[in-house]
Structure formats: C-alpha cells, structure tokens
Amino acid sequence: MQEMNDFTFQNTTDLRFGRNLIEDQLRDVITGFGNKVLFVYGGGSIKRSGLYDQVMRLLAGMDVIELAGVEPNPKIESVRAGQELAKQHDIDVILAIGGGSVIDAAKVIGSAKFYDGDPWDLVEDSAKRQTIGQVPLVDILTLSATGTEMNKGSVISNMAENKKLGTMGPNTPAVSFLDPANTLTVSKWQTAAGSIDIFSHLTEQYFDRAYTPVTDNMIEGLMRTVIANAPIALAHPDDYNARGALMFTSTTALNGLVSSGNENGWTVHPIEHELSAYYDITHGVGLGILTPRWMKQVLDETSQAKFAKLARNVWDIHEDDDMLAAKQAIQATYDWVKSLDVPTVLQDVNIPDNSNFQAMAESAVAVGNLDKVAYKKLTPADVVELFEASMTTEGFE
C-alpha cells in the first residue's frame, strides 16, 4: 500500500482575524518593528472606504512614506519604485493594504531594499532572496483570493518581456490583519475572480499522486466552503459571514498546510500566467476558463478515482461508476464557474486568436516544468490543445 510522504510544515505569520483589531492593534504592531514605514497600496478603493484615513490616523507621528498605484498583476515597475523608496528612507517595516497584487509587490520590495541590482533578478531567481535581508511585512487584506497574506510567494509581471513569474521569499508576512468588513465593497467581478482563484489553489493541491488522506479531507471541506459562499457574497455583498468564510478559506488554502506531503507541481497556474503575461487578463477569470478544460484533458483511468472522489465528496454527485462521476464533477465545476457570471472562453477576455499559443505553451512548460513534475505531464503541444479547447464551449452542456 502507498505510504504518506515525509514532510515538514512551519508558518510563522501572526494572523489576526475579525472586526476592530486594526483599530486596537495596528499601531502597536507597526511600532514593534520601527518608526519608518513604507505604506504600499493600490488604487483609490482604500481612500473611498475610509481605511486609508483610519490607518494614517493610527500611524500619526510616524515617518510614513507612501507607494500608491500598485496594479493588478503587479508590475516590476512598482517593485523598482518601492526599492528606491526603501533604500532612500531606510525603512524599518512595510505596511501593505490591498489584495494579492499589493502584498506580492510589497514582499519583493522587502527583499529589494537589500539588493543593489534590478529587483527583476530576484523574481527570476528566488535563491538570491534567501541570502539577503527582508524587511518585515505587515498587511491588511482587502480581497479574498491569493492567500499571499500567509505564505512566502509573490507573482510579478514584466510586460516588456511578456513574463509573469512566481518568486519565493525567506519569510511569510510578520502580521496579517483579516477583517471581512474590508471586503464588503469588493466588486462582483473581483469577488467572482477571487473565489475561482481560491478554488483553483485547492484544485492544484488536491490532484496529486501522493497518498494524502488527511489533507484531501481538508481540501474537500474548503472547496465546499468556497463553492457555497461565493454565490452568497455575489448576491449579498454585505454578508459579513460569507465574506469571512471566503477570506479564511483563501488564507487556509495556500498557507502550506494542505499541500503537506504532496509530490506534484502545479499545472493550471503557470499556464494562466502566460495568458496574463501576454494579455494582462484577470488571473482568477483565466483560471476559471482553463481549469475545466484541464480537468477534461487529464481525466483518464489513472485519475478517474480522484475525480470521482471530488464528485462525491465536494459536488454531492451520487454515481457509482467512477468515470461517469468524474465527468459529472468536471461539468459541475464548469457550471459553478459560469454561474459566477464571468467569461468562460478566451475570446471573452480579449484573446481573439491563437497567434501566441505556441510561444505561451513553450514558456509554460519550461517555467512550470510541466513535462516533469505536473500531476499529468504535459508537452507544449498539450498546452496548445488546452488553449484551443478554451476557445469553445464544446464538450460542456
């Protein structure tokens, strides 16, 4: 019988979930690291919500340097700007307020303060970040999606080179504040995209060849939570409990716990990163388009039992035949994505033709090692086939 793999798990983020914690605790947390703060955020949403004014009031008297305008699919230009500010002001701590893009950029800025070269080097080669310093990061999460608030990862885009790459730092965020109330005004589009991102993170870790009975059960429960609560949050945006369920699920899905003992690498994420690198599309929406097609592509006699398990334990499908149950689970996944009112084909995210498919496929295989570590090994031709399938609804009811 297959045995569970050896693994180690450690996560040092101090997670603070709920209402009023920011008001009561933020200043003490920040001052614990120093007085010079690099305050990183995105667009105007935190100003419209009042969160910006609240934070500036709480940090009154401290040396606060602002870096605004971090974009979705965070760009290396924001990291470069942050590096310059971090060095110029010799910052002690970074405060990042936003979703995954803002926090991802802040993590790399935290390394870039101690690096004299172009921070893109740190994205292309994470090993460089393990031998230099890292500014402590405190974040206030405003979007449930990536799980970046409790892991070491960042994904940064370099549009000049059509690259979107993941990089791992030496530390998880020092302190993360998770108040679901800060997500009540998130748009339907971002709520849907974020929910799909959460589901995709779980899918990537669930479909693994290792023997993982404990984490499989955890993942199935988290999947059921996001499946149930995404429609509630879309229909009732001010539902604190639905927003809270999505927020905690997002964090738990990617803090390292549920991948403990896994042996395979991810597949759909490196493929979607190519779409974002070339077309700058919303990450979660791209995942929603690709995931059901990838499921169809990898379903065979070696994977049907795992898909059938997904069908019965997540989608409540009562079908004795494993292959039939598996196919119904894939259809259910597609139907759930479609129900969130997001595009389901590439043309609807302004990818009109296959002109970049070959280049994207070759890069995805190389960057993601899809021909070596994926759940089902893929060649560039397989990835092109996946892109082609993502331009039609053929095969889905």
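Author: Start with a term: a nonpolar core is a set of buried Ala, Val, Leu, Ile, Met, Phe, Trp, Tyr and Cys residues joined through side-chain atoms within 4.5 Å. Keep in mind that this is a predicted model.

Reader: OK, how many residues are in the largest nonpolar core?

Author: The largest nonpolar core has 67 residues. Those with the most contacts inside it include Ile271, Trp294, Trp315 and Trp336.

Reader: What is Trp336 in contact with, leaving aside neighbours within four places in sequence?

Author: With those neighbours set aside, Trp336 is in contact with Ser195, Ile196, Phe199, Val226, Ile227, Ala230, Pro231 and Trp315. There is also a second, separate core of 27 residues, and among its members are Val79, Ala86, Ala105 and Val135.

Reader: Switching topic. Which domains does UniProt list?

Author: An unreviewed UniProt entry lists "Alcohol dehydrogenase iron-type/glycerol dehydrogenase GldA" for residues 14-180. The annotation "Fe-containing alcohol dehydrogenase-like C-terminal", also from an unreviewed entry, covers residues 191-391.

Reader: How much helix and strand is there over residues 14-180?

Author: Over residues 14-180 the chain is 33% helix and 25% strand, with the end C-alpha atoms 17 Å apart. Residues 191-391 come out at 65% helix and 0% strand, and there the end C-alpha atoms are 24 Å apart.

Reader: What does Thr212 contact?

Author: Beyond neighbours within four places in sequence, Thr212 is in contact with Ser260, Gly261, Asn262 and Lys306. Thr212 and Ser260 are 48 residues apart along the chain, and their C-alpha atoms are separated by 8.2 Å.

Reader: Now the outside. Which residues form a nonpolar patch on the surface?

Author: Met1, Met4, Phe7, Phe9, Tyr211, Val214 and Met218 form one, with about 730 Å² of accessible area together.

Reader: Where is Phe9 in the chain?

Author: Phe9 is in the segment before β1 (14-17). The relative accessible area of Phe9 is 38%, so it is partly exposed.

Definitions and conventions
Residues are numbered from 1 along each chain as its sequence is written. This is a predicted model: local features need pLDDT of at least 70, side-chain atom pairs count only at pLDDT 80 or more; totals for chains, interfaces and linings use all residues. Side-chain values use heavy atoms; hydrogens and water are left out. Buried means under 20% relative accessible area, exposed over 50%, partly exposed in between (1.4 Å probe, protein chains only). Contact means heavy atoms within 4.5 Å. UniProt positions are given in the numbering used here, feature names are shortened, and annotations may be inferred rather than shown by experiment. Helices (H or I, at least four residues) and strands (E, at least two) are DSSP runs, numbered from the N terminus. Patches are made of residues with over 30% relative accessible area and no salt bridge: like charges are joined within 9 Å, nonpolar side chains (Val, Leu, Ile, Met, Phe, Trp, Tyr) within 5 Å. Accessible areas come from the Shrake-Rupley method with a 1.4 Å probe; for residues, only the protein chains shown count as cover. A salt bridge is a side-chain nitrogen of Lys or Arg within 4 Å of a carboxyl oxygen of Asp or Glu.
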